[in-house]
Amino acid sequence: MTTNVLILCTHNSARSVLAEAMLNHHASRMGRDLRACSAGSAPSGRVNPLALAVLADAGIATDGVRSKSWDEFAVPGAPRMRVVITVCDSAANEICPVWPGSPVKVHWGYPDPSNAAGDESQRRAAFDLTRQAIGYRMLQLLELPLESMDDANLRAVLLEIARS
């Protein structure tokens, strides 16, 4: 059975999109039956071009990636999420919808690379560092026996990953 993971950020234009693409990429390469989605509480309606650029540079597919509302995942018939991860502090502090299936919720915060100062190459470097940091945690998530972990243990381990 597919394990669904939802990654949230306010605008769903950078960090959550990086996380969705990285998790799907690594899951596919590792042969894991996992599907990552991303969404935002106030989606911008567009994915930051630098997010797409650093993903492309790393050989990560971005087909179908789009900025979307978290409401898509809170309606009847939406995929049941096993895990919901917030990647920005503002989304972590918002009142989230009630997710079908009561998924495990954790916060893995990252600075917003969209706010990076500097020229194009410095901003691109900020996006790539964020992509790498997110990718590292996603690999740790994929090493877990998700199918056999109970929710309390899964949450504890995911919180430990957040501290690493």
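Biologist: Why is R35 called partly exposed?

Modeller: R35 has a relative accessible area of 38%, and because buried means under 20% relative accessible area, exposed over 50% and partly exposed in between (1.4 Å probe, protein chains only), R35 belongs to the class in between. This is a predicted model, in which local features need pLDDT of at least 70 and side-chain atom pairs count only at pLDDT 80 or more, while totals for chains, interfaces and linings use all residues. Residues are numbered from 1 along each chain as its sequence is written, and side-chain values use heavy atoms, with hydrogens and water left out.

Biologist: Where does R35 lie, and which residues does R35 touch?

Modeller: R35 lies in strand β2, where strands (E, at least two residues) and helices (H or I, at least four) are DSSP runs numbered from the N terminus. Not counting residues up to four places away in sequence, R35 touches T2, T3, N4, V5, N24 and P79, a contact being heavy atoms within 4.5 Å. The C-alpha atoms of R35 and L6, which are 29 residues apart along the chain, are separated by 8.6 Å.

Biologist: Why is α1 described as largely enclosed by the rest of the structure?

Modeller: Of its 16 residues, 12 are buried, so α1 is largely enclosed. Among them are R15, S16, V17, L18 and A19, and the buried residues of α1 pack against β1, β2, α2 and α4. Helix α1 is followed by G31, whose phi is positive, near 70 degrees.

Biologist: What span is expected for α1, and what span does α1 reach?

Modeller: The expected span of a helix is 1.5 Å times one less than its number of residues; for the 16 residues of α1 this comes to 22 Å, and the helix reaches 22 Å from its first C-alpha to its last. Helix α4, with 23 residues, reaches 32 Å, close to the 33 Å expected.

Biologist: Why does T130 count as buried, and which residues does T130 touch?

Modeller: T130, found in helix α4, has a relative accessibility of 9%, so T130 counts as buried by the limit already given. Not counting residues up to four places away in sequence, T130 touches R15, L18, Y110, P111 and P113. The buried residues of α4, including A126, F127 and R131, pack against β1, α1, β2, α2, β3 and α5.

Biologist: What is found at the start of α2, and which residues of α2 are buried?

Modeller: At the start of α2, a side-chain oxygen of N48 reaches to within 2.8 Å of the backbone nitrogen of L50. Within the helix, L50, A51, A53, V54 and L55 are buried, and what covers the buried residues of α2 includes α1 and α4. Just after α2, G59 takes a positive phi of about 75 degrees.

Biologist: How many disulfides does the structure hold, and how do you know that C9 is in no disulfide?

Modeller: The structure holds 0 disulfides. The cysteine sulfur nearest to that of C9 belongs to C88 and is 3.1 Å away, and likewise the nearest to that of C88 belongs to C9, at 3.1 Å. A disulfide is a pair of cysteine sulfur atoms within 2.5 Å, so C9 is in no disulfide. By relative accessible area, C9 is buried at 5% and C88 is buried at 1%.

Biologist: What order do the elements of the chain follow, and why is the chain called as compact as a globular protein of its length?

Modeller: From the N terminus on, the elements run β-α-β-α-β-α-β-α-α. The radius of gyration, taken over C-alpha atoms, is set against the globule rule of 2.2 Å times the number of residues to the power 0.38; the chain has 15 Å, close to the 15 Å that the rule gives for 164 residues, so it is as compact as a globular protein of that length. Buried residues make up 48% of the chain, and residues 24 or more positions apart account for 72% of the contacts with a separation of 6 or more.

How values were computed
A polar contact is a pair of N or O atoms within 3.5 Å; within protein, one must be able to donate a hydrogen and the other to accept it, and residues adjacent in sequence count only if both atoms are side-chain atoms.
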